[in-house]
Amino acid sequence: MGGGIYEQIEMNWASWSDFFAMGGYALYVWGSYGVVFGLLALEIALLIQRKRSILQQLDRMRSAVHRSVR
Amino acid sequence: MVYVTPENTATGQERFIGHASWFKYSSPQMFFPLAGKLVPWFAVAALLFAATGLYIGFFVAPTDSQQGEAYRIIFIHVPAAWMSMFIYVVMAFWAGVGLTFNTRLSGMMASALAPTGALFTFLALWSGSLWGKPTWGTWWVWDARLTSELILLFLYFGFMALQAAIDDPRRADKAGAVLALTGVINIPIIYFSVQWWNTLHQGASVSLKSAPTMAATMLTGMLVMVLALWMYSIAASLMRVRCIILERERDSQWVAEYMSRLK
């Protein structure tokens with residue numbers, strides 16, 4: 001790679017609109033990458049949500065125990 | 001207090017190996033904070049590898065002479081497909097360890113890996129379908145490679161459904177382990193399907209015949225994306241195993257102490 005990279009950028013894409021057009025395969029290429037990264041982000045969001053709801057639930061349980069002890 | 005229940009007391013093996021310094025992490029209580037510390041590192045590594053891999057895939061690797069730009073799906077399709085198989089093997093490994101040594105954390109690791117593995121299986125099928133349409137002219141074909149990958153998705157679903165159907169977590173782990181270990185037979189079938197049968201799916205991507213420089217940048221981009229998905233999978237499954245640990249150990253003393261430290 002090295003010094004050849006910049007020549008290859010010019011070789012690959014003439015402009016940003018050229019880049020987004022993906023040589024006419026935009027639907028297929030961006031349809032793949034969009035769904036992959038969208039669902040991976042969703043998985044992480046759901047995991048954060050799941051941890052939060054467990055902690056809230058445990059917290060409610062704990063305060064219920066404290067009330068019953070008192 | 002009612003914190004300690006028989007379900008949450010350590011098994012004999014855990015008490016025994018608790019003395020060895022490394023093996024102490026095989027107890028959910030010890031692994032929980034370790035996993036929490038590891039997650040950010042794997043998450044950052046995943047982002048860095050993904051940024052590098054995408055840069056190589058879109059800006060360094062040149063256009064394919066036969067498939068044009070459609071081939072760029074390879075940088076996500078092949079890594080996702082590899083992960084779908086690899087995660088299954090790791091899942092079955094932990095399920096087998098749990099079945100053999102009766103360690104609780106192993107079963108939890110297996111359960112934590114299944115949804116991420118199923119996700120990558122779906123993504124491999126999805127990106128493959130979007131690659132198949134412009135190159136083969138069809139979204140789907142019932143050939144050996146695609147069909148065995150679809151069976152893999154059903155194996156993940158079966159594993160998760162079976163575990164969800166059994167109330168006792170230890171029994172759910174055992175039943176899931178038997179299913180996971182039986183399903184391992186499908187992995188070599190997927191992998192070698194392109195050699196064993198006449199499939200529409202192309203052979204192994206790593207040996208794609210092209211100009212040498214192109215093969216090198218393509219291979220580099222693909223391998224960096226594989227690393228990104230590895231790091232992602234580790235981060236996601238560690239996050240999930242922490243949830244599973246908290247859910248299963250909710251009545252234990254250490255979770256109570258952890259909760260009071262959060263306040």
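## Helix packing in chain B

In this predicted model, helix α3 (residues 74–101) of chain B packs against helix α6 (residues 169–183) of chain B at an angle of about 130°, their axes being 9 Å apart. On the α3(B) side, the contact is made by Met91(B), Ala92(B), Ala95(B), Gly96(B), Gly98(B) and Leu99(B); α6(B) supplies Asp173(B), Lys174(B), Gly176(B), Ala177(B), Ala180(B) and Leu181(B). Contact requires C-beta atoms, placed from the backbone, within 7 Å. These residues divide into 7 nonpolar, 3 polar and 2 charged (nonpolar: Ala, Val, Leu, Ile, Met, Phe, Trp, Tyr, Cys and Pro; charged: Asp, Glu, Lys and Arg; polar: the others, Gly among them).

Helix α5 (residues 144–165) of chain B also packs on α6(B): the axes come within 9 Å and cross at roughly 165°, so the two helices are roughly antiparallel. Leu155(B), Gly158(B), Phe159(B), Leu162(B) and Gln163(B) of α5(B) meet residues of α6(B) including Ala172(B), Ala175(B) and Leu179(B). The contact of α5(B) with α6(B) has 7 nonpolar residues, 4 polar and no charged.

## Chain A and the interface

Chain A contains 3 helices and 0 strands, in the order α-α-α from the N terminus. Of its 70 residues, 11% count as buried (20 or more other C-beta atoms within 10 Å of the residue's own, all placed from the backbone).

Between the chains, 27 residues of chain A are in contact with 34 residues of chain B. α1 (5–12) and α3 (26–69) of chain A each give at least two residues to this side of chain A, and α3(A) has the largest share, with 18 residues. By class, the side of chain A that touches chain B has 17 nonpolar residues, 5 polar and 5 charged.

## Confidence and conventions

The model scores ipTM 0.86 and pTM 0.87. Chain B has a mean pLDDT (the predictor's confidence in each residue, from 0 to 100) of 88, and 87% of its residues reach 70 or more. Over residues 1–8 of chain B, pLDDT is below 50; this stretch has 11 contacts beyond near neighbours in sequence.

Local features need pLDDT of at least 70 and side-chain atom pairs count only at pLDDT 80 or more, while totals for chains, interfaces and linings use all residues. Residues are numbered from 1 along each chain as its sequence is written, with chains lettered from A and ligands numbered from 1 in the order in which they are written.

Terms used
Contact = placed C-beta atoms within 7 Å. Helix = DSSP H or I, 4+ residues; strand = E, 2+ residues; numbered from the N terminus. Buried ≥ 20, exposed ≤ 12 C-beta atoms within 10 Å, placed from the backbone. Axes fitted to C-alpha atoms, helices over the stretch in contact; angles between N-to-C directions. Parallel < 35°, antiparallel > 145°, perpendicular 65-115°, else oblique.
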